[in-house]
Amino acid sequence: MRIRIFLGVCNFMHDLACWRDRSSAPMLKLGTLLSLTMLAGCSAVGPDFVAPAAPGISSYTAQKLPKQTMATPGTKQGVAQTYKQETLERGTWWQSFNAPKLNNLIEQGLKASPTLAAAKAKLEQARQAYAAQSGSTELPQVNGNLGGQRKKNNNASIGQDGNENIYNFYNAGVTVSYNLDLFGGNRRTLESMAAQVDYQKYQLDAARLTLAGNIAVQAIVQASLNDQIATTRDIIKNQENQLKLVQARLNLGAATQSDVLTLQSQLDQTRATLPPLILKRDQANHLLATLIGESPSAFVPQFTLDDFSLPSELPVIVPSQWVAIRPDIQASTALLHQASAEYGVAIANLYPQINLSANLGSQGLTPARLFDANSVIWSLIAGLTQPVFNAGLEAGAKSAKAALAAAAANYQQTVLVGLRDTADALRATTIDADTLNAQTAAEHSALASLDLTEQQMKLGAVNALQLLTAQQQVALARLQTLSARSQRLSDTVTLFQAMGGGVPVTHQNQPQPETLSQNQTATPEKITP
C-alpha cells in the first residue's frame with residue numbers, strides 16, 4: 001500500500017496570487033521552482049563506487065625473472081630476449097615481429113572483422129541508450145499538443161430538456177514534467193548505464209587484442225606447417241636417393257633385399273606424414289581468411305618461420321600498472337561499477353519519489369480564440385509517493401546487493417586468471433629459449449651422425465638399418481627444431497596479449513581513454529562489496 005500525497009491546484013494558485021503577472025508568470029516561476037528543486041536533489045543513496053586496488057604483489061611467478069633468455073646463435077628465432085620493465089600503452093605490438101605481410105593481415109582484420117563490427121555496434125547501442133536515459137531523466141520533459149474537434153451534446157445527458165448543441169472545440173498547450181530525484185535513483189541509473197558503456201568499450205578493446213593475437217598465432221602456425229612440409233619433402237628426397245643407392249648396391253651384390261625393403265618401408269611412412277601436414281596448413285589458411293573477414297576460398301599470404309623476427313625486448317610491467325592496461329580486467333571493473341550503481345537504484349526505490357508537472361494551454365471555440373488571454377488555462381501539480389509496505393522493493397535491494405557481491409567475486413577471479421596467464425607466458429618465453437638451444441644442439445648432433453653413417457654406408461661398414469636409424473633421428477630433430485622456433489614466436493605473441501597488447505610509451509602526456517562512468521560518478525567513498 002502506498003500513501004499518495006498530492007499538493008493540489010488550489011494551494012499553488014494561492015501562492016501564485018502573490019505574483020504580479022498572472023498571465024505569464026506561472027510557467028516562468030515554475031522554471032525557477034524546478035531549477036531550485038533540481039539543485040536540492042544533490043545527494044544519492046547507496047555506495048559510491050571506487051575501483052578495486054591493484055594486486056599487492058611484486059612479481060608474477062615464484063621464480064625470479066631473468067634479465068634475458070638464453071641465446072641460440074645461428075638460428076633465426078634464437079635471439080636472446082630481454083625483459084624490460086617500462087610504462088606501456090596499447091598499440092601495434094605485432095610490428096615488433098618485423099613481418100610486413102603479418103602487419104597487412106592484422107590491419108585488414110581490424111577493418112573487416114564481423115566480430116569487431118558487432119562489438120562496435122554494441123558500444124554504439126550502449127552510448128545511445130545512455131543518451132536516451134540521460135535526456136529523459138536529467139532534464140524536465142516538455143511536450144506540446146494541438147487539437148481540434150467537432151462535438152455534439154444533448155442536454156438530456158445533464159437532466160435538462162432542450163435541443164442538441166453542435167459546436168467546434170480547439171485546444172493548444174504545453175506540458176512540463178520532472179522527477180525531482182531527491183535520493184538519486186535516476187542518477188544511479190545513469191551511472192549504471194555509463195558503466196555499461198565502459199564495459200562495451202573495453203570489450204571492443206579486448207576483441208581487437210584477441211583478433212590481432214589470433215591472426216598472429218595462425219600466421220605462425222601456417223609458417224611452421226609450411227616449413228614442416230618443405231622439410232618433409234626434403235627428407236623424402238634424401239630417402240629416395242638413399243633407396244636408389246642401396247638398390248644399386250643390391251645389383252652389385254653389396255646389399256640385401258632386406259636392406260631395400262627396410263628403406264622402402266621408411267620412405268612410404270615418411271610420405272604418409274605429408275598429406276596430414278598439408279591438410280593442417282590448408283585449415284590454417286581457412287582460419288586466417290575467416291579472421292580477416294574473408295571467405296575460406298580467399299587467398300591468404302603464405303609464411304615461413306624465416307619471415308618473422310623474434311623481438312629482442314619483451315614488455316613487462318608491474319601488477320599495479322598491469323590491471324590498468326588489461327581490457328578484460330577493465331571490463332570486469334566496469335561490470336562491478338554497474339552492479340554498485342544498480343544497488344544504489346534499488347536502495348533509492350525504498351525512498352519517496354517526488355514528481356512535478358505543469359500545464360499551460362488555451363481553449364476556444366474558434367482557432368482565433370486560442371490567442372485570447374481569457375482562453376488561457378494552466379495547472380501546477382506536485383505528487384509524492386512513499387512506499388509503506390512493499391516486500392518486493394526490499395527483496396530487490398537484497399538481490400542487488402547479492403549481485404554486487406557476485407560482481408566483486410567475478411572481478412577477483414578475472415584478476416587471478418589474468419595473473420596466471422601472464423605467469424604462464426613469462427615462464428614459457430624463458431623455457432622456450434632453453435628448449436630451442438637444446439633442440440638445435442640435438443639437430444646438429446643428428447646431422448653429424450647421419451653424415452658419418454652415410455660415409456660408412458658407402459664403404460659397406462654399416463647396414464641399411466643403421467642408416468635408417470640415423471635418418472629418422474635427423475628427420476625428428478629437424479621437425480622438433482621447427483616446432484621449438486614456432487613455439488618461441490607463439491609464446492611471445494601470448495606474452496604481448498598477457499600484457500594487454502602494451503608497447504613502450506614513446507612520448508609523454510598520452511591522452512587517457514574517456515569513460516562516461518568516471519565523468520558521471522560523484523566524489524567516491526570506498527565501499528566493500
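Mentor: A residue counts as buried under 20% relative accessible area, as exposed over 50%, and as partly exposed in between, with a 1.4 Å probe and protein chains only. This is a predicted model in which local features need pLDDT of at least 70 and side-chain atom pairs count only at pLDDT 80 or more, while totals for chains, interfaces and linings use all residues. Residues are numbered from 1 along each chain as its sequence is written, and side-chain values use heavy atoms, with hydrogens and water left out.

Trainee: Is Thr231 buried or exposed?

Mentor: Thr231 is found in helix α5; helices are DSSP runs of H or I with at least four residues, strands are runs of E with at least two, and both are numbered from the N terminus. The relative accessible area of Thr231 is 14%, so the residue is buried.

Trainee: Which residues are in contact with Thr231, leaving aside its neighbours within four places in sequence?

Mentor: Contact means heavy atoms within 4.5 Å. With neighbours within four places in sequence set aside, the contacts of Thr231 are Arg478, Leu479 and Leu482.

Trainee: Are α5 and α7 roughly parallel or antiparallel?

Mentor: Axes are lines fitted to C-alpha atoms, for helices over the stretch in contact, and angles run from 0 to 180 degrees between N-to-C directions. The axes of α5 (residues 185-251) and α7 (residues 274-291) come within 9 Å and cross at roughly 155°. Angles under 35 degrees count as roughly parallel, over 145 as roughly antiparallel, 65 to 115 as roughly perpendicular and the rest as oblique. The crossing angle therefore makes α5 and α7 roughly antiparallel.

Trainee: At roughly what angle do the axes of α4 and α5 cross?

Mentor: Helix α4 covers residues 114-137, and its axis comes within 9 Å of that of α5. The two helices are roughly antiparallel to each other. Their axes cross at roughly 170°.

Trainee: Is Asn98 buried or exposed?

Mentor: Asn98 lies in the loop between β3 (88-90) and α3 (100-112). Its phi is near 55°, a positive value in a residue other than glycine. With a relative accessible area of 53%, Asn98 is exposed.
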